Amino acid sequence: MADYNHYDQGHGPGYGQGNGYASPPSSQSQYGYGQGGGGYPPSAPVPASSPSSPYGHGYGQGQGGYPPSAYRPPMGGFGGAVAFPPGTHPDVERAFWAVDRDRSGRIDERELQDALSDAYHRFSIRTVRLLMSLFSNTRASTRAHMGPAEFVSLWNCLGQWRGIFDRYDRDRSGKIDSNELNEALRGLGYAVPPSVIQALIANYNDGVSRRGALDFDNFVECGMIVKGLTEKFKEKDTRYTGSAALTYDSFLSIVIPFIVP
């Protein structure tokens with residue numbers, strides 16, 4: 001089961017290149033805080049998921065749909081050392097090796113999907129591909145893979161997003177509705193207008209926003225897209241006025257990486 005409780009409270013590499021700002025805009029800014037590296041939420045580290053979280057707290061149930069016996073540490077032969085960052089929780093290492101079927105020391109998008117999913121909910125492949133593109137250092141011309149260090153960074157990031165999800169899932173439904181999404185984004189410093197909130201909800205509910213809600217993976221994808229696009233826009237809006245002049249080419253270069261992972 002995907003348990004994001006074992007995460008480092010430090011901010012990892014996120015998108016890989018670090019698109020944050022040297023100093024955040026003021027509290028009167030259109031955008032709020034604007035902090036948090038890469039795919040990490042732009043807030044201070046948050047508590048781990050609550051006991052009521054459907055993602056559970058123990059790996060005794062198996063990881064990513066695999067029984068406990070599926071965990072077999074590598075015996076070498078990767079063509080190089082496979083090292084996790086110092087201090088990595090054993091359960092996070094176990095989650096990686098449980099899905100690394102070929103024992104290559106790298107996992108592809110389907111293996112990542114298995115690692116992040118559990119018996120209650122399966123991560124959508126669209127979300128997985130966005131996460132792979134944000135956290136993997138694989139060249140665009142090759143098939144995307146993720147190594148241990150990248151996996152740990154992603155796991156830590158998801159632990160923080162999980163805490164935010166649980167904080168704003170007021171009715172403990174396991175989903176985030178439009179009101180909760182609005183509160184969550186505002187809590188992160190993003191004053192997203194109601195029309196955009198409805199568009200985001202509809203995007204994950206077959207085009208229908210009414211009574212729609214987001215599962216955890218949809219919420220993560222939505223949050224990362226809002227955060228990433230806002231950061232990119234702020235690069236053009238240097239005075240934080242809420243408006244900027246963009247060429248058509250610049251607009252496409254900003255948007256396409258987030259909608260075509």
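This is a predicted model: local features need pLDDT of at least 70, side-chain atom pairs count only at pLDDT 80 or more; totals for chains, interfaces and linings use all residues.

Residues are numbered from 1 along each chain as its sequence is written, and side-chain values use heavy atoms, with hydrogens and water left out.

The pLDDT, the predictor's confidence in each residue from 0 to 100, averages 74 over the protein, and 65% of the residues score at least 70. Residues 7–37 stay under 50, and the model gives them 83 contacts (heavy atoms within 4.5 Å) beyond four places in sequence. Residues 44–80 are also below 50, with 80 contacts beyond near neighbours in sequence.

Helices here are DSSP runs of H or I with at least four residues, strands are runs of E with at least two, and both are numbered from the N terminus. Helix α6 spans residues 194–203, and its buried residues (under 20% relative accessible area, 1.4 Å probe, protein chains only) are Ile 197, Leu 200, Ile 201 and Ala 202. Their cover includes β1 (176–177), α5 (178–187), β2 (213–214) and α7 (216–236).

Asp 100 sits in the loop between α1 (90–99) and α2 (109–116). Asp 100 is buried but has no salt bridge, a salt bridge being a side-chain nitrogen of Lys or Arg within 4 Å of a carboxyl oxygen of Asp or Glu. The nearest side chain of opposite charge, Arg 103, is 5.0 Å away. Leaving out residues up to four places away in sequence, Asp 100 touches Gly 105, Arg 106, Ile 107 and Glu 111.

Finally, Leu 246 belongs to the loop between α7 and α8 (248–259).

Methods
Buried means under 20% relative accessible area, exposed over 50%, partly exposed in between (1.4 Å probe, protein chains only). Lys and Arg count as positive and Asp and Glu as negative; His and the chain ends are not counted.
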